[in-house]
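User: I would like to go through the labels used for this model and ask what each one rests on. Please set each value against its definition before you conclude.

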Amino acid sequence: MAPKFDALKSVVPQRAAYRFLVRIDRLWVVPGFTKPDQAMAIEMVFLDQHGDKIQATVRKTLVYKFVDQLKEGVVYRFAYFSVVPNTGSYRATHHEHKLVFQMRTTVQPCESSVIPRHGLCCVSFAALLKYDKDSDFLIDVIGVLSGISTDREYLKDGKVTKMLVLELTNSRGKIECTLFGDFAYQIKCFIEPGNIHPTVIVLLYAKVKLYRGLCELCGCAKFNACFQASYKS
């Protein structure tokens, strides 16, 4: 008899003995503030067969135990977590709660054809253009690349970071997206100099910011929940 798994949408704080069959849709390591070569935490987004998502965290004290067991894109059977409120300014899902790994959490990679490959859920340009403040939730968006800036540098706390501004367009308008660090480098390597058409950009887990009264998207290695995939149409 096939084992029964819990749906992510059913997660509540009063319970810990959950069993999930999920794909790690996104995984990133949070570096230490003063020691960036040391991991402060591992953050993930779980995706189940219903297309529901929840964020999960491995705190610093348990990074050593799980860091080599977890891979982005792989399906796992997980069991036993604590449940905490989903708060903060960089929430990767709209779920009310988050999962936190415990010493007794079990991790078993497996194969499954019922889990979607990606949890893409795009926000429309029309909705984005109505934003009147920074959003606490990271979003997905898709658009045609209609412009790209020259390389720029961003200086903060004595550290210089490369940055690049993209202009994305669809039938409803235009949105700017600022990429920092590795994200800027990746997109620059993909786009041939002077040739931006036709290219479709998909931004996953991007941050919505208001700049001079206008909505723009941000993808930054500091936040780590931001990721861009791009392909030529």
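User: What makes strand β1 and β2 a pair, and in which sense do they run?

Analyst: Two strands pair if DSSP finds at least two bridges between them, and strand β1 (residues 19–31) and β2 are joined by eight bridges in the antiparallel sense, so they meet the definition. Within this pairing, R23 stands opposite L47 in β2. The strands themselves are DSSP runs (E, at least two residues; helices are H or I, at least four), numbered from the N terminus. This is a predicted model, in which local features need pLDDT of at least 70 and side-chain atom pairs count only at pLDDT 80 or more, while totals for chains, interfaces and linings use all residues. Residues are numbered from 1 along each chain as its sequence is written, and side-chain values use heavy atoms, with hydrogens and water left out.

User: How do you know that β2 also pairs with strand β3, and what lies between them?

Analyst: Seven bridges join β2 to strand β3 (residues 53–59), and the two run antiparallel; F46, for example, stands opposite I54 in β3. β2 and β3 form a hairpin with five residues between them, and G51 in the turn has a positive phi of about 85 degrees.

User: Why is strand β2 called largely enclosed?

Analyst: Buried means under 20% relative accessible area, with exposed over 50% and partly exposed in between (1.4 Å probe, protein chains only). Seven of the nine residues of strand β2 (residues 39–47) are buried, so the strand is largely enclosed by the rest of the structure.

User: Why does T57 count as buried, and which residues is T57 in contact with?

Analyst: T57, which lies in strand β3, has 7% relative accessibility and therefore counts as buried. Contact means heavy atoms within 4.5 Å; leaving aside neighbours within four places in sequence, T57 is in contact with A41, I42, E43, K98, L99, V100 and F101.

User: What makes a group of residues a nonpolar core, and which residues have the most contacts inside the largest one?

Analyst: A nonpolar core is a set of buried Ala, Val, Leu, Ile, Met, Phe, Trp, Tyr and Cys residues joined through side-chain atoms within 4.5 Å. The largest nonpolar core has 24 residues, and those with the most contacts inside it are M44, F46, V58, L70, F78, L99 and F101. β1, β2, β3, α1 (63–66), β4 (75–85) and β5 (97–110) each supply at least two residues of this core. A second, separate core of 20 residues includes L168, I191, L203 and V208.
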